[in-house]
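Please find below a note on the model under review.

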Amino acid sequence: MARPGSGVLVSVGGGLGYPSQSMARVVVWEWLNEHGRWRPYGAAVCHHIENILKGDARGTVILGQVDPQLAPYVIDLQSMHQFRQDTGTMRPVQRNFYDPSSAPGKGVVWEWENDNGSWTPYDMELCVSIQNAYEKQHPWLDLSSLGFSYLVDFDSMAQTNRQSQRRRRIRRRMDLAYPLIAGSIPKSQSWPVGTSSGTPCSCQQCLLVHSTRAASNAILASQQRRKLYGMAAAAGAGDQMAPAVRQSNTFAGTTLWSSTAAVAGGHHNNIAVGGGRGGKVEMSTLNFPCAPALITLPATHTLTINGQNNLNRPGTQRIVVSTSRGSIPPGVPALPVKNLSGSGPVHPALAGMTGILMCAAGLPVCLTRAPKPILHPPPVNKSDLKPVPGVNGIRRKTKKKHLRKGKSPEDVVRRYTEKIKVAPDEDCTICMERLVTSSGYEGVLSHNSIKPDLVGKLGKCGHVYHLLCLVAMYSNGNKDGSLQCPTCKAIYGEKTGTQPPGKMEYHVIPHSLPGSPESKTIRIVYDIPAGIQTTEHPNPGKKFTARGFPRHCYLPDTEKGRKVLKLLIMAWDRRLIFTIGTSSTTGESDTVVWNEVHHKTEFGSNLTGHGYPDPNYLDNVLVELSAQGVGEDNLKD
């Protein structure tokens, strides 16, 4: 039997962020994955981290002590990074707080079944929202406002992808409750913990030293179970000597750098680098003030580090040296981080850690800058902005369409369905009850003109549902006079969205996109101001933010690019480009977010995946627009 109550479109509210200073709260430690999502550690791991934190706020947490599957990982509490010892990957971690009555405080874990048949926990913010809807007896939960195109059905315990209609099983299980703490907390998180009470130095070298402390501590923590010398020697070939790394005293004192440095064989700094004919270059114990000193090596010295690291992957720690390549003295070897991808005798993790630590210790290794995305074209004069051929005007404003009088939910459902006398012996995919029985919304939704046992078939796609279920689905939506089949997503009528008021401008600029050298570029500028949510939005009467506006997007000025622009204008008029929800990148709620139609916001690069060249982009965006009911058949000749 269906759960009582109505479904809900989730909005992030209580239970997230920081509670008042006098309240108890649940602590959840999380790490940032490559997709920009904060993934929670398990409750047992969080208890372990909190116990270490009480003893040493600048210590190192070895996760394998509590979970054998996490044996490669350690957390450095000072730099707030997780370090994987076998690959060298560093990822940020954070300490988040939730209400004790929420899912982590009760030990409730919600999980979905992945392709391997194992279970994956939801992000903690999703887990909190799902548990909240479950406790309120909602039959389903729409996660679109959290940036996920999924519908969670509690009756069937399944998650459905709104676009592909793929269903996965979900489950709710009980586990250890996350750690509960009480007392005052800082107004802002005091992480990472500083090494001194004075003002931290912001020079380039000290910033580099602090950012590499996680790597250093990871090596110290793993020395007992892995001998770096033995591993490097075993991997060596010919007369090349693999780098050996030991503890450096550059992390121990407050005065780390001096303006004078010498390559000598006296008091060693315990960092050895193989070079040339198996030669060994050692640096003396140094006492450097904060000045960017470089040590020049003989011209015959070479640094051979081949392997792979993860420093330039999204979501991982990046080390950037501001010294330009043009100012590197002759004879100083350069180590571009992005080029550490070849195969060689040195273990990839060892190669990456060695390069980082050598820079921090003052050895002459220069890390190249991480490339930056080129978001905008060169400056363009107003006189060079031209209208897009075949497109009328250069500006559109949001139009808010209202229902005509008499368009009740029953009228809309009757318009697009036809009654059938004999119901097929199958489930209604809205209420999950058999079609031969009454709708699961019987007693919950009452319409005198539609009986709960009436069944209808949608005209174009032929899918069959309880008519009362279709009325309930329409009543929980935008109520714009259109109907969308929940099975195949076929749209009946003209679908409109909840995009707040704003303007859209478009014109041609005299520059070419990467991959389209023969054509100019169409630039689209969206501008939406902040405002107050209305009844169609998640939190009516509450303010919403509009971050990053005006937003600039780009299309090639080709025949297909102009076709996409015309459809984007149509989607804008139907208020489908943006909506109000929760940002998937920042986690901010009640803000303007994209609405499942991807745009290219990088003009001259494709480092984030939102730029060019991308030969499939125009075809992909046509498919996304068609899924919103904006297809090529809507274009007028």
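1. Basis of the note. This is a predicted model, in which local features need pLDDT of at least 70 and side-chain atom pairs count only at pLDDT 80 or more, while totals for chains, interfaces and linings use all residues. Residues are numbered from 1 along each chain as its sequence is written, and side-chain values use heavy atoms, with hydrogens and water left out.

2. Overall make-up. The protein chain contains eleven helices and 30 strands; helices (H or I, at least four residues) and strands (E, at least two) are DSSP runs, numbered from the N terminus. Of its 637 residues, 46% are buried, where buried means under 20% relative accessible area, exposed over 50%, and partly exposed in between (1.4 Å probe, protein chains only). Among contacts (heavy atoms within 4.5 Å) between residues at least 6 apart in sequence, 67% join residues at least 24 apart.

3. Salt bridges, Arg37 and Asp123. The whole structure holds 27 salt bridges, each defined as a side-chain nitrogen of Lys or Arg within 4 Å of a carboxyl oxygen of Asp or Glu. In one of them, the side chains of Arg37 and Asp123 meet at 2.7 Å, N to O. This pair links distant parts of the chain, 86 residues apart: Arg37 sits in the loop between β2 (25-32) and β3 (38-40), and Asp123 in the loop between β9 (119-121) and α3 (124-135). Both residues, Arg37 and Asp123, are buried. A network of salt bridges links Arg37, Arg39, Asp123 and Glu125.

4. Arg173 forms a salt bridge with Glu111, with 3.0 Å between the closest N and O atoms. Since Arg173 belongs to strand β13 (residues 167-174) and Glu111 to strand β8 (residues 108-113), the pair ties together parts that are 62 residues apart in sequence. Arg173 is partly exposed at 29% relative accessible area, whereas Glu111 is buried at 4%. Arg168 forms a salt bridge with Asp115, and here too the closest N and O atoms are 3.0 Å apart. Asp115 lies in the loop between β8 and β9 and Arg168 in strand β13, so this pair ties together parts that are 53 residues apart in sequence. Asp115 counts as exposed at 57% relative accessibility, while Arg168 is buried at 18%.

5. Not counting residues up to four places away in sequence, Arg523 touches Pro377, Leu385, Glu505, Tyr506, His507, Ile509, His552, Cys553 and Tyr554.

6. The sheet containing β25. Four strands form an open sheet in the order β18-β24-β25-β28, with antiparallel pairing; two strands pair if DSSP finds at least two bridges between them. The edge strands, β18 (395-397) and β28 (551-556), each pair on one side only. Strands β25 and β28 are joined in the antiparallel sense over six bridges, and the bridge partner of Ile524 in β28 is Cys553.

7. Helix α10. The buried residues of α10 pack against β18, β24 (503-509), β25, β28, β29 (578-581) and α11 (617-627). Among them are Gly561, Val564, Leu565, Leu568 and Trp572. The 15 residues of helix α10 (residues 559-573) should span 21 Å at 1.5 Å a residue, and its end C-alpha atoms are 21 Å apart, which agrees; the expected span is 1.5 Å times one less than the number of residues. Arg575, which follows α10, has a positive phi near 65 degrees.

8. Helix α1 (residues 43-55) has 13 residues and reaches 19 Å from its first C-alpha to its last, close to the 18 Å expected. Its buried residues, including Ala43, Val45, Ile49 and Leu53, pack against β2, β4 (60-62), β5 (73-76), β7 (90-98) and β14 (180-181). In α3, nine of the twelve residues are buried, so this helix is largely enclosed by the rest of the structure. Glu125 is one of the buried residues of α3. Gln137 follows α3 and has a positive phi, near 65 degrees.
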